[in-house]
Amino acid sequence: MLRLALAYGPGGMSLRSAAAWAGLNDVAAISDVALLKRLRGSVDWLGDIAGALLRNASDAARTTAARRLRIVDGSSISQPGSTGTDFRLHATYEPALARFTHLEFTDVHGGESFSRVPIDPGDIVLGDRAYARAPALHKVVSAGADFIVRMAWSNVRLTSLDGRLIDWNTIYSTMMPGDVCEQEVRVEYSGPGCKHRGKPLFHARLIVRRKDEEATARAEKSARRRHQKRADGGRIRLRAK
């Protein structure tokens, strides 16, 4: 049953292909319909196996590394026939172990966040722009861990150590393509209704790298394409019958 599940899931086979593969390799004589019924009935069993593997990986990581690098990302999953995202798989991968150590499955409303990841002191969590959110980053720091995230200028409210709002234009004006600028900053979070505006959560290190001309051209092209897509989506068209 496990071999059939792996052939259909990670193996990427269809039900018909998996059933044919099983017959050719003396794994099982089974139809695609019978295979579907057995896969549906083995959900809890497969979940227990995945859970045991994740627990073992997590325990091994705690005993073999003082500082764990943990790469966090999410994948969108669509049901057959769907035109958008129906579910999200949130995964944490550890390069030192070459395996996943945490998985979480949510509906479309489950946002990507470091808050979903069990974090130990000394961990280093790495995420993309979706993870650059002040409350979740604060959770990482409060746990005695560190983070590395990409961010857009509007993701997080940053100030200098003396409380002045970061002036991005001033930073970029002195940089040439390919230059790197680093500075200590404070991360602020206004909270619901901006009740906590001006209250710093923690200090961080901001690293800015100015793109070269080729990368800038690609970014501008991508931005124009997104803008055109939004414009087309909001346009009303009339057609004569």
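**View 1. Strands and helices around the largest pocket of the predicted model.** In this predicted model, the lining of the largest pocket draws at least two residues from each of strand 4 (124-127), helix 5 (134-142), strand 5 (146-149), helix 6 (168-173), strand 7 (180-188), strand 8 (200-209) and helix 7 (213-233). Strand 8 provides the largest share of this lining, namely eight residues.

**View 2. Centre and volume of the largest pocket.** The largest pocket has a volume of about 1,500 Å³, and 37 residues form its lining. Of these lining residues, R150, M151, A152, Y172 and I207 are the ones that lie nearest the centre of the pocket.

View 3. When the lining residues of the largest pocket are sorted by class, 24 are nonpolar, nine are charged and four are polar.

**View 4. Elements around the second largest pocket.** Helix 1 (2-8), helix 3 (32-41), helix 4 (43-64) and strand 3 (99-107) each contribute at least two residues to the lining of the second largest pocket. Helix 4 gives the most to this lining, with eight residues.

**View 5. Centre, volume and lining classes of the second largest pocket.** The second largest pocket holds about 1,100 Å³ of space and is lined by 24 residues, among which G9, P10, L46, A50 and L103 lie nearest its centre. The lining of the second largest pocket comprises 18 nonpolar residues, together with three polar and three charged ones.

How values were computed. Residues numbered from 1 in each chain as written. Predicted model: local features only at pLDDT ≥ 70, side-chain atom pairs only at ≥ 80, totals over all residues. Heavy atoms only, no water. 1 Å grid on protein atoms, 1.4 Å probe; cavity = no way out; pocket = protein on both sides within 12 Å on 5 of 7 lines; lining within 4 Å. Points joined across faces, edges and corners; volume = space filled by probe spheres on them. Helix = DSSP H or I, 4+ residues; strand = E, 2+ residues; numbered from the N terminus. Nonpolar A, V, L, I, M, F, W, Y, C, P; charged D, E, K, R; others polar.
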